[in-house]
Amino acid sequence: MPETFSARLARHCGLGLLILIACFALLGPALIGIDPATQSLGDSLLPPSASHWLGTDVFGRSVLVRLAHAAQLSLGLALLAALSAALPGVLAGVTASWCGGRTERGLVMLADACMAVPGLLLVLLFAAIAPGQYWALYVGLALSLWMEYFRVTRAASRPVLHGDAVQASRLLGFGKRYILRRHVLPALTPLLATLLPLSTAQAVLALAALGFIGVGLQPPTPELGVMMIEFFPFYSEAPWLIAAPVTLLILLVLGMMLLAGDKELT
């Protein structure tokens, strides 16, 4: 079914929004030229101005530059975790559909066992093992996301591998690499293009949630959830502080949802 104009427009808007956030994350720290850890207690809780566009926090640190570093960390770590989950998930899903039998049953049982543990709880367990460590959050997020890739890939590749086109290719003597490249991957690409932004958004929200409850990354690391909990006590006297990370988090998730579109996953 061809994509409608409104769906294409939503995807383009989401992609444009994510490109702007990525440019802000990558180029912002260098263009602003301020160390996110530099403190100036005399400039505590300054309102937005020409010198500090988003004001300063209680320690006099620039909120704008810390927000740029937080966007870089959240977007980069979440995307890395989603891509790391996609590779084993897709390979396991295709292998299960291709081999069937005991191999498929074993992989399905493994995925079901992993899905029995809530994803955020799994990330929380790794964060408790190594508090404040990037690798613990990365591993926990990747392990909590691969099952969705497995489930979608297995369901989508099964009818392709049992279809007439693949059977004809096998009768003509084409190998596994040709079948994967010519038949399986084209069928999976649209679904993966939808699932990748969704899983990245899930990882961004998980990072922010763990930082907000104090079990993820720890201060003074500039991270969206950490910034929210740091700014929360000052919401009445400096409401622009809490608004900055919340707005960026909303825009990040909105951009990924628009980019994912409304395609139904199997």
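A: Helix 7 and helix 9 pack at an angle of about 165°, and their axes lie 8 Å apart. Axes are lines fitted to C-alpha atoms, for helices over the stretch in contact, and angles run from 0 to 180 degrees between N-to-C directions. The two helices, helix 7 and helix 9, are therefore roughly antiparallel to each other; angles under 35 degrees count as roughly parallel, over 145 as roughly antiparallel, 65 to 115 as roughly perpendicular and the rest as oblique. Helix 7 passes helix 9 in a left-handed crossing, a term used if the near helix is turned anticlockwise from the far one by less than a right angle, whereas clockwise gives a right-handed one. On the side of helix 7, the contact is made by Thr 194, Pro 197, Leu 198, Thr 200, Ala 201, Val 204, Leu 205 and Ala 208. Helix 9 contributes Leu 249, Leu 252, Val 253, Met 256, Met 257, Leu 259 and Ala 260; contact means heavy atoms within 4.5 Å. The residues of this contact between helix 7 and helix 9 divide into 13 nonpolar, 2 polar and no charged. Here Ala, Val, Leu, Ile, Met, Phe, Trp, Tyr, Cys and Pro count as nonpolar, Asp, Glu, Lys and Arg as charged, and the others, Gly among them, as polar.

The model is predicted: local features need pLDDT of at least 70, side-chain atom pairs count only at pLDDT 80 or more, and totals for chains, interfaces and linings use all residues. Residues are numbered from 1 along each chain as its sequence is written, and side-chain values use heavy atoms, with hydrogens and water left out.

Helix 9 (residues 239-260) also packs with helix 8 (residues 224-231), at an angle of about 155° and with axes 8 Å apart. That makes helix 8 roughly antiparallel to helix 9. The residues of this contact divide into 11 nonpolar, no polar and no charged. Helix 8 passes helix 9 in a left-handed crossing.

Between helix 7 (176-212) and helix 8 runs a loop that holds Glu 223. Glu 223 is buried, with a relative accessible area of 1%; buried means under 20%, exposed over 50%, and partly exposed in between (1.4 Å probe, protein chains only). Leaving aside neighbours within four places in sequence, Glu 223 is in contact with several residues, including Ala 70, Ala 208 and Gly 211. Gly 211 itself lies in helix 7 and is buried, with a relative accessible area of 3%. Apart from neighbours within four places in sequence, the contacts of Gly 211 include Glu 223, Gly 225, Val 226 and Ile 229. Pro 220 is also in the loop between helix 7 and helix 8, and the peptide bond from Pro 219 to Pro 220 is cis, with omega near 5°.

As for the setting, the protein has 9 helices and 0 strands; helices (H or I, at least four residues) and strands (E, at least two) are DSSP runs, numbered from the N terminus. Of its 266 residues, 43% count as buried.
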